[in-house]
Amino acid sequence: MAAVTMASKKEIKMLTELLELEGVKVVSRHQHKGIGIILEIEPIHEESICPRCGEKSHKLHQNHQYIIKDLPWGESPVFLEINRRQFKCKQCKKPFSENLDFVGKRRTYTKRLAQKILQQVLENDINSVAKEGLVTTEEIERMLKDASSELADLKPRDLKKLGLDEIALIKGKGNYCAVLIDLESSKLIAIIGCISLLQMVQKMLS
Ligand SMILES: [Zn+2]
């Protein structure tokens, strides 16, 4: 049975503080047994900046509501019902989707969830992380690809100890991602790409 709670002002304030996501507030909380907590959130700002010309736009064109996954609260999975609004720019006369800092476009999870999952994948492997049920193997592989292209643009600073590790993509199939880690801060520096270890060994031997 689903319990739907239109949160009181006090609860909204508390939930918004607990969520710690900048630029949004919690509007309502739904709890579904066996599924988790669903928080409906809304952007605080009524305008957004056009990525083409940099002009502020207030003119709402369309609402686009969908559900993404976030970090769990204790044992409960948390889902966010978000609205990525479309505005129509006065200058360009074209609609654009607003940028949300906490979730990438066309992604089904928050950036902070991706960060946490990637850390877990570094310590384990994809299958055992996927088995926990929060995210699927496809989502983890998408997270790795995104992190890989983001990291490719960054230059590591003050790097003293470099570690090389690999992530098993699919157990027993010999598919690996090579990962570079700053051993002092244990931060991810680069993901070299997903290569078949078997192919690599074959190349080395030929
Ligand atoms: Zn514009």
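Mentor: Among contacts in the protein chain between residues at least 6 apart in sequence, 44% join residues at least 24 apart. Keep in mind that this is a predicted model. The protein chain has five helices and 13 strands, and buried residues make up 35% of its 206 residues.

Trainee: What are the protein donors of the zinc ion?

Mentor: They are the SG atoms of Cys50, Cys53, Cys89 and Cys92, at 2.2 to 2.3 Å from the zinc ion. The cut-off for a donor here is 2.8 Å, so these distances qualify. In sequence the spacing of the donor residues is C-x2-C-x35-C-x2-C.

Trainee: Why is the arrangement around the zinc ion called tetrahedral?

Mentor: The four donor atoms subtend angles of 102 to 115 degrees at the zinc ion. Four donors count as tetrahedral if all angles lie between 85 and 135 degrees. The angles fall inside those limits, so the arrangement is tetrahedral. For comparison, the ideal angle for four tetrahedral donors is 109.5 degrees.

Trainee: How do you know that Cys53 and Cys92 tie together parts that are apart in sequence?

Mentor: Look at where each one lies. Cys53 is in the loop between strand S4 (48-49) and strand S5 (56-57), while Cys92 is in the loop between strand S9 (86-88) and strand S10 (95-97), so the pair ties together parts that are 39 residues apart in sequence.

Trainee: What makes Cys53 and Cys92 partly exposed?

Mentor: Cys53 has a relative accessible area of 34%, and Cys92 has 23%.

Trainee: Why is the pair of Phe87 and Phe96 called stacked?

Mentor: A search of the whole structure finds one aromatic pair, and it is formed by Phe87 and Phe96. Their centres are 5.9 Å apart, with 25 degrees between the planes. Rings pair if their centres lie within 6.5 Å, and planes under 30 degrees apart count as stacked.

Trainee: How do you know whether Phe87 and Phe96 are buried or exposed?

Mentor: Phe87 is at 1% relative accessibility and Phe96 at 4%. Buried means under 20%, so both count as buried.

Trainee: Phe96 is among the residues that Arg85 touches. Where is Arg85 found?

Mentor: Arg85 is in the loop between strand S8 (76-83) and S9. Not counting residues up to four places away in sequence, the residues Arg85 touches include His45, Leu60, Asn63 and Phe96. A polar atom of the Arg85 side chain lies 2.8 Å from the backbone oxygen of His45. The C-alpha atoms of Arg85 and Gln65 are separated by 8.1 Å, with the two residues 20 apart along the chain.

Trainee: What makes Arg85 buried?

Mentor: Its relative accessible area is 10%. That is under 20%, so Arg85 is buried.

Trainee: Why does Glu139 count as buried?

Mentor: Glu139 is at 12% relative accessibility, and the limit for buried is under 20%, so Glu139 counts as buried. Glu139 lies in helix H4 (residues 137-152). Its side chain reaches the backbone nitrogen of Thr136 at 3.0 Å. Glu139 also touches Lys69, Thr108, Tyr109 and Leu134, leaving aside residues up to four places away in sequence.

Trainee: Which residues of helix H1 are buried, and how do you know that they line one face?

Mentor: In helix H1 (residues 9-19) the buried residues are Glu11, Leu15 and Leu19. Seen down the axis of H1, they fall within an arc of 65 degrees, so they line one face of the helix. On the other side of H1, Lys9, Lys10, Lys13 and Glu17 are exposed.

Trainee: What follows H1?

Mentor: Glu20 does, with a positive phi near 50 degrees, although Glu20 is not a glycine. Glu20 is in the loop between H1 and strand S2 (24-32). Arg106, in the loop between S10 and helix H2 (111-123), is also a residue other than glycine with a positive phi, near 60 degrees.

Trainee: Why are Glu20 and Arg106 called exposed?

Mentor: Glu20 has a relative accessible area of 66%, and Arg106 has 76%. Exposed means over 50%, so both residues are exposed.

Technical notes:
Residues numbered from 1 in each chain as written. Predicted model: local features only at pLDDT ≥ 70, side-chain atom pairs only at ≥ 80, totals over all residues. Heavy atoms only, no water. Phe/Tyr/Trp six-rings, centres within 6.5 Å; stacked < 30°, edge-to-face > 60°. Buried < 20%, exposed > 50% of the residue type's maximum accessible area, 1.4 Å probe, protein only. Donors = N, O, S within 2.8 Å, 3.2 Å for Na, K, Ca; no water. Tetrahedral: all angles 85-135°; square planar, octahedral: opposite > 155°, others 65-115°. Helix = DSSP H or I, 4+ residues; strand = E, 2+ residues; numbered from the N terminus. Polar contact = N/O pair within 3.5 Å; in protein donor to acceptor, adjacent residues only side chain to side chain. Contact = heavy atoms within 4.5 Å. Arc of directions from axis to C-beta.
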